[in-house]
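Me: Could you walk me through this structure, starting with one of the ligand sites and then moving on to the cores?

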Amino acid sequence: MNACTRCGECVSACPEGILAIADCGVVLLPEQGECSFCGSCAEVCEEPVFATDLSMSHIFAISNDCLVQAGITCMSCRDACPEEAISMQPRIGGPFVPVLDQSACTGCGACVAPCPANAIHAVKKELPDA
Ligand code: SF4
Ligand code: SF4
Ligand code: SF4
């Protein structure tokens, strides 16, 4: 259930300007910046929308649109990630390939905007096995 009433308080409170209201409720706009986990959104929200530990329900994944798939060297996402969750894996016959460790990804979105190929997208975080 989505508890968001679309009041917009969190959008105004976010110092990074990365929240917006959509039909489904509040959404994150990683192409506009990264989440710093300051907690301002959760502080102003009167509904049970944000996790108390500020964890996200999504992580990110790199698609085949990545430039290295076309033989072009790029490491922009690796350089942008504050968690060092993206490593560059060597391979024979082509540029290093970015590999995203989803267990280390906080969902901050810092890797999204720097990607020149728009190859990084949010995916739902899988719940750990019971
Ligand atoms: S997440 Fe909370 S503060 Fe943000 S629009 Fe929804 S109800 Fe309002
Ligand atoms: S969304 Fe994940 S992979 Fe991307 S910069 Fe943030 S922690 Fe790193
Ligand atoms: S920034 Fe984008 S194009 Fe560059 S290595 Fe990362 S996913 Fe590939």
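**Ligand shells and cores**

Reply: Happy to! By class, ligand 3 has nine nonpolar residues, one polar residue and no charged residues in its shell. Please keep in mind that this is a predicted model.

Me: Which residues surround ligand 3?

Reply: Several cysteines take part, including Cys66, Cys74, Cys77 and Cys115.

Me: How many charged residues are in the shell around ligand 1?

Reply: Ligand 1 has 13 residues around it, with Cys4, Cys7, Gly8, Cys10 and Cys45 coming nearest. The shell divides into eight nonpolar and two polar residues, and the charged ones number three.

Me: Which elements give two or more residues to the largest nonpolar core?

Reply: That core has 16 residues, and Phe60, Ile86, Cys111 and Ile120 touch the most other members. The elements that give two or more residues to this core are strand E3 (58–62) and strand E5 (97–100).

Me: Which residues does the second, separate core include?

Reply: This other core is made of seven residues. Among them are Cys10, Cys14, Ile18 and Leu19.

Me: Is Ile59 buried or exposed?

Reply: Ile59 is found in strand E3. Leaving aside neighbours within four places in sequence, Ile59 is in contact with Gln102, Cys105, Gly107, His121, Ala122, Val123 and Lys125. Buried means under 20% relative accessible area. Ile59 has 5% relative accessibility, so Ile59 counts as buried.

Notes
Residues numbered from 1 in each chain as written. Chains lettered and ligands numbered in written order. Predicted model: local features only at pLDDT ≥ 70, side-chain atom pairs only at ≥ 80, totals over all residues. Heavy atoms only, no water. Near = heavy atom within 4 Å. Nonpolar A, V, L, I, M, F, W, Y, C, P; charged D, E, K, R; others polar. Core = buried A, V, L, I, M, F, W, Y, C linked by side-chain atoms within 4.5 Å. Buried < 20%, exposed > 50% of the residue type's maximum accessible area, 1.4 Å probe, protein only. Helix = DSSP H or I, 4+ residues; strand = E, 2+ residues; numbered from the N terminus. Contact = heavy atoms within 4.5 Å.
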